[in-house]
Amino acid sequence: MIPRGAGRVARGRSEVPFPAIAAALCLLVSTLAAQAPRPVEYRLSFPAPQHHWLAVDVRFPDLEDAPLHVRMSSASPGRYARHEFAKNLIEIAFTGAGGAPVQVDRRGPAHWEVAGHGGTVRVRYRLFGDRVDGTYLAVDATHAHMNAPATLLWAEGLEERAARVTLARPEGADWNVATQLFPTGDPLTWTAPNLAYLLDSPIEFSDFALRTFTVPDPADPAYRPTFRVAVHHAGSEAGLAAYVAAVESVVRETVPIFGEFPRFETGAYTFIADYLPAASGDAMEHRNSTVLTANAGLDSPGSRTRLLGSVAHEFVHAWNVERIRPRSLEPFDFTAANVSGDLWLAEGFTNYYGALILQRAGLVGLAATLDRFARVISTVTNGPGRRLRSVVEMSRMAPFTDAATAIDPTNFRNTFISYYVWGEAIGLGLDLALRERTGGRATLDDYMRALWQEFGRGGDDVPGVVARPYTPADAEAVLARVAGDAAFARDFFARYIDGREVPDYARLLRQAGILLRPVAPGRASLGALPLGGGMRVVRSTAYGSPLHTAGIGRDDTITSFDGRRVASASDLRRLSGSKRPGDRVRLGFRRLGRNMETTVTLAADDRIEIVPAESTGASLSPAQQAFRRSWLGSRQ
Ligand SMILES: [Zn+2]
């Protein structure tokens, strides 16, 4: 809804007749400048930060006579469920020109219609916020951590207006601002060229540690964007230094995938990290920044490594999602849930690169990466949700699953597989399949770079607006071109993206001298055992699993297996492990106080592991060594 109008302005501008004489253009520009309405002004103050609220004073000047529709967002880019940010308003008051009263009609939970304003509307409100993450708002004695849609009211029809945001420090606080907003001469005043950019700009206002580095663009060494790492944490200087060094190596390892950096509009990209005991684990992408939050410290290497996965994932988003953007998410609707069938590519491929970049940069070991891929492949291959929906349909479930809350139970263990995980599995499969198909001439990196060149780069004349979003048909057409093989692209999309098949990972991984194999070949299993204390089933049994097929459900208590009493999950595992897949066994259980019996058919143990061939005593062929280097080795 918002950026569409801004896009029209951009196209209109380019239609100014080029041969017009310079004087006329100057006159036109100065006339336009004279007529340009003043920006929307936001003033943020924090009179009692320890009580978790802030005060906002907004002025919408130079309005036409019509009523102004003021809104609080119900969605935030990068979060796909609805979030009602208006629920935390403490109080709100509206006035018109000269402080005169206005007529206010509450049109919805987050929508006010303001009439009789005389050309200016001023809104003053207080807002409670106590969640440190990438979506919400947190104010406390140490900081104000603000996601813009959770904090700032806005008005319909003013989407193309610039905005100015001025912050006032709490008394005695030595706080500074970390944000992707545009700087001014005043360190506490920042601007945005339009509403889409404003609402995409989180603000951390605290006594954070700031480190910066620059990295030359590989395609244009004169372009050296600055990377700012603003960290609000309680750890040591040494931990911070190690973290910042790792962030730099993530940046250096990511850029070769796309061949160049995006043109960050302010010349800088900002990592805003809050690693605090009160923080929730989260990470959120923005156009020229990211917010990273966790209840974790920087001082132990293991903890740092866990944080770096999010760093890599979010930095990939500076290309994939922020600029290579699906049409289903552009323009973003701040008043409703945004449904996209493309999150397998937008989030899933980003997840795959999060893992791959850490591996290529040497920030994790091979065993950890292969364990992760084994979990990903296993979740997708064995996940009951795959019987029901494709990854495109899973993407469209994001409004129900992405930090969405509900008080009635869901059955997502059976009906949903995360598009992050399934999309990562597809990214892995496509990378290996492209390399196999083309003898290593084309890779997923080439695919991402081709998407970047066609849809991501350029078109930056309106910051915050993606001029050329892609469709699923575009994504397939680019794959056909990169593979040099339209039939391959059609087949891949039909089977693994629109369909519900999984690639043959064992064959694909063998190219790199890596083995995918069952953990316990030939062993019988009852599958996952959703048992609580004792033998009571505490969750839905998995669709298609032996227990589910035998009719066992939540609140049944298993009492015997093959005529023997069982008292623990390990009893069940031991007894079922002594049978063969396909064996039929009597299973006793108690339901609503009655003893009952059913017959269960044992399945094959479906656990898998992925290991380097050399760990089994085999040696790698030169082709396998070269494949592995090209895939997992550093590209710097
Ligand atoms: Zn993401």
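## About the model

This is a predicted model, in which local features need pLDDT of at least 70 and side-chain atom pairs count only at pLDDT 80 or more, while totals for chains, interfaces and linings use all residues. Residues are numbered from 1 along each chain as its sequence is written, and side-chain values use heavy atoms, with hydrogens and water left out.

## The largest pocket

Let's start with the terms. On a 1 Å grid over the protein atoms alone, a cavity is a set of points where a 1.4 Å probe fits but cannot get out, whereas a pocket is an open set with protein on both sides within 12 Å along at least five of seven lines; lining residues have an atom within 4 Å of a point. Points are joined across faces, edges and corners, and a volume is the space filled by probe spheres set on them.

The largest pocket has a volume of about 1,100 Å³. Its lining has 40 residues, and Asn382, Gly527, Ala528, Ala542 and Asp606 are the closest to its centre. Where does the largest pocket lie? Domain 3 (367-516 + 616-632) and domain 4 (524-604) both give residues to its lining, so the pocket lies between them. These domain bounds come from an automatic or database domain assignment. Helix α8 gives the most to the lining, with 4 residues.

Helices (H or I, at least four residues) and strands (E, at least two) are DSSP runs, numbered from the N terminus. In strand β17 (residues 226-233), 6 of the 8 residues are buried, meaning under 20% relative accessible area with a 1.4 Å probe, protein chains only.

Two strands pair if DSSP finds at least two bridges between them. Strand β16 (residues 209-214) runs antiparallel to β17, joined by 6 bridges, and Thr212 stands opposite Arg228. With strand β18 (residues 268-275), β17 pairs in the parallel sense over 8 bridges; here Val231 stands opposite Ala273.

## The cavities

How many cavities of 30 Å³ or more does a search of the whole structure find? There are 5. The largest cavity holds about 170 Å³ of space. Among its 12 lining residues, Asp200, Glu322, Arg325, Glu330 and Gly464 are the closest to the centre.

The second largest cavity has a volume of about 70 Å³. Of its 13 lining residues, Val40, Tyr42, Leu158, Arg161 and Leu195 are the closest to its centre.

Technical notes:
Buried < 20%, exposed > 50% of the residue type's maximum accessible area, 1.4 Å probe, protein only.
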